[in-house]
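Trainee: I would like to learn how to read packing features in a protein model. Please take me through them one at a time.

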Amino acid sequence: MAAYGSNGVLRGEARFTEEQEELVIKSWNIMKDDSANIGHRFFLKIFEVAPSARELFSFLRNSDVPLEKNPRLKAHAMSVFVMTCEAAAQLRNTGKVTVGDTTLKRLGATHFKKGVSDAHFEVAKYALLETIKYGVPASMWSPAMKNAWGEAYDHLVAAIKQEMRPAALL
């Protein structure tokens, strides 16, 4: 597990820079009006890369509703995508992930209970970056933007992992 400082930033990691913040905010401002559809594409990409990830979601198990039309998946995908992007956009200002403590504890406990592993987080990171790549104009996407979003995602995952323990211990 990553060493996480009291300020919410990974120990030994570079702080989120002004340039990274600018890239994240600029791209998020373009994507947020379509966050429901972009978030849904994010989860469809996860399931394309790792079909077994569907089993982590109780509302998808034994469902006859195609993923593309599943209203519960759409709602979940939008909330996850918006939370990820909003946390990324605020990272530099606060110096840490700004998801509320209660939400973070719930996320940690849920991810623990579902058996989410580092490999799952890596698939989600890949899917997030691919989704953002196609969610912004092609002229905007760059290695620097990919790095900025990757760094922001890593901070969010580190915060979730810090809370990954049984709910009874929270």
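Mentor: We begin with a term: two residues are in contact when they have heavy atoms within 4.5 Å. Keep in mind that this is a predicted model.

Trainee: Which residues of H2 meet which residues of H5?

Mentor: On the H2 side they are Ile38, Arg41, Phe42, Lys45, Ile46 and Val49. Their partners in H5 are Val123, Ala124, Tyr126, Ala127, Leu128, Glu130, Thr131 and Gly135. By kind, the residues of this contact comprise nine nonpolar, three charged and two polar.

Trainee: How is the packing of two helices described?

Mentor: In general, one gives the angle between the two axes and the distance between them. Here H2, residues 35–49, and H5, residues 118–135, pack at about 135°, and their axes are 8 Å apart. That angle makes H2 oblique to H5. As for handedness, H2 and H5 form a right-handed crossing.

Trainee: Is His40 buried or exposed?

Mentor: The cut-off for buried is a relative accessible area under 20%. His40, which is in helix H2, has 7% relative accessibility and counts as buried. If neighbours within four places in sequence are left aside, His40 is in contact with Leu67, Glu68, Leu73, Lys74 and Ala77.

Trainee: How do I read a pair of aromatic rings, and how many such pairs are there?

Mentor: Look at the angle between the ring planes: over 60 degrees counts as edge-to-face, under 30 as stacked, and the rest as tilted. This structure has seven aromatic pairs. In one of them, Trp28 and Phe81 are edge-to-face, with 6.0 Å from centre to centre and 65° between the planes. Trp28 belongs to helix H1 (residues 18–31) and Phe81 to helix H3 (residues 71–94), so this pair ties together parts 53 residues apart in sequence. Trp28 and Phe81 are both buried.

Trainee: What kind of pair do Phe43 and Phe47 form?

Mentor: A tilted one: the ring centres of Phe43 and Phe47 are 6.1 Å apart, and the planes make an angle of 55°. Both residues are in H2, four residues apart, which is about one turn of the helix. Phe43 has a relative accessible area of 5%, so it is buried. Phe47 is also buried, at 5%.

Trainee: Which residues do the ring pairs link into a cluster?

Mentor: The cluster consists of Trp28, Phe42, Phe43, Phe47, Phe57, Phe59 and Phe81. Phe42 is also one of the H2 residues that meet H5.

How values were computed:
Residues numbered from 1 in each chain as written. Predicted model: local features only at pLDDT ≥ 70, side-chain atom pairs only at ≥ 80, totals over all residues. Heavy atoms only, no water. Phe/Tyr/Trp six-rings, centres within 6.5 Å; stacked < 30°, edge-to-face > 60°. Helix = DSSP H or I, 4+ residues; strand = E, 2+ residues; numbered from the N terminus. Buried < 20%, exposed > 50% of the residue type's maximum accessible area, 1.4 Å probe, protein only. Axes fitted to C-alpha atoms, helices over the stretch in contact; angles between N-to-C directions. Parallel < 35°, antiparallel > 145°, perpendicular 65-115°, else oblique. Left-handed = near helix turned anticlockwise from the far one by under 90°. Nonpolar A, V, L, I, M, F, W, Y, C, P; charged D, E, K, R; others polar.
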